[in-house]
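Notebook open, structure loaded. I'm jotting down what I look up as I go.

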Amino acid sequence: MRAEAFLAYVQERGEYDTQQEAERAARVVLALLGAHLVGEERAELAARLPETYALILLNPLPAAEPLDPERFVRATAAWIEGATEETAKWDVGAVLSVVADAAGEDLLQRTLLQLPPGYDLLFGHPERASASG
């Protein structure tokens with residue numbers, strides 16, 4: 001997927017007025033997500049993203065501990081100027097639903113296994129992780 005297409009999907013799903021808003025959300029969410037993934041799944045997911053965003057995923061913001069979905073949304077809000085938890089939830093959903101589409105079902109399932117329970121909702125795929133486990 002090309003960077004322009006990735007951003008266009010994020011912009012459409014997030015209903016952002018500008019591509020810059022979509023870009024800001026994508027960078028923050030992918031940097032936070034990258035801190036929660038390791039090994040083969042992170043590398044495979046990065047390979048399915050445009051290079052710019054793959055590098056963000058592979059060089060994440062440091063995380064002291066895994067964040068549950070609510071804290072992930074709060075952290076996103078903290079990194080996006082002027083964001084609230086409600087707008088951050090929207091940002092996370094817009095970005096991660098595009099990531100889920102790029103990942104495909106198998107990789108998405110393996111990715112969700114590395115994350116605390118509840119991330120399936122953030123990716124827009126409720127209960128898929130628990131259905132396979």
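Started with secondary structure: I get nine helices and zero strands for the protein. Helices here are DSSP runs of H or I with at least four residues, strands are runs of E with at least two, and both are numbered from the N terminus. Reading along the sequence, I write the pattern down as α-α-α-α-α-α-α-α-α. The radius of gyration is 13 Å, close to the 14 Å that the globule rule gives for 133 residues, so the protein is as compact as a globular protein of that length. For my own record, that radius is taken over C-alpha atoms, and the rule is 2.2 Å times the number of residues to the power 0.38.

Before going on, a note on what I'm looking at. This is a predicted model, where local features need pLDDT of at least 70 and side-chain atom pairs count only at pLDDT 80 or more, while totals for chains, interfaces and linings use all residues. Residues are numbered from 1 along each chain as its sequence is written, and side-chain values use heavy atoms, with hydrogens and water left out.

Confidence next (pLDDT is the predictor's own, per residue, from 0 to 100). The mean is 92, and 95% of the residues reach 70 or more. Residues 128-133 stay under 50, and I find six contacts beyond four places in sequence for them in the model. A contact means heavy atoms within 4.5 Å.

Overall dimensions: the C-alpha trace spans about 40 × 30 × 25 Å along its principal axes. Of contacts between residues at least 6 apart in sequence, 65% join residues at least 24 apart. I see 44% of the 133 residues buried, with buried meaning under 20% relative accessible area, exposed over 50%, and partly exposed in between (1.4 Å probe, protein chains only).

Which residue in the loop between α1 and α2 did I stop at? I stopped at E15, in the loop between α1 (3-14) and α2 (19-34). Its phi is near 50 degrees, a positive value in a residue other than glycine. Most residues other than glycine have a negative phi. E15 counts as exposed because its relative accessibility is 59%.

Then D120: buried or exposed? D120 has 11% relative accessibility, so I log D120 as buried. D120 is in helix α8 (residues 119-122). From D120 to Q109 I count eleven residues in sequence and 8.9 Å in space, C-alpha to C-alpha.
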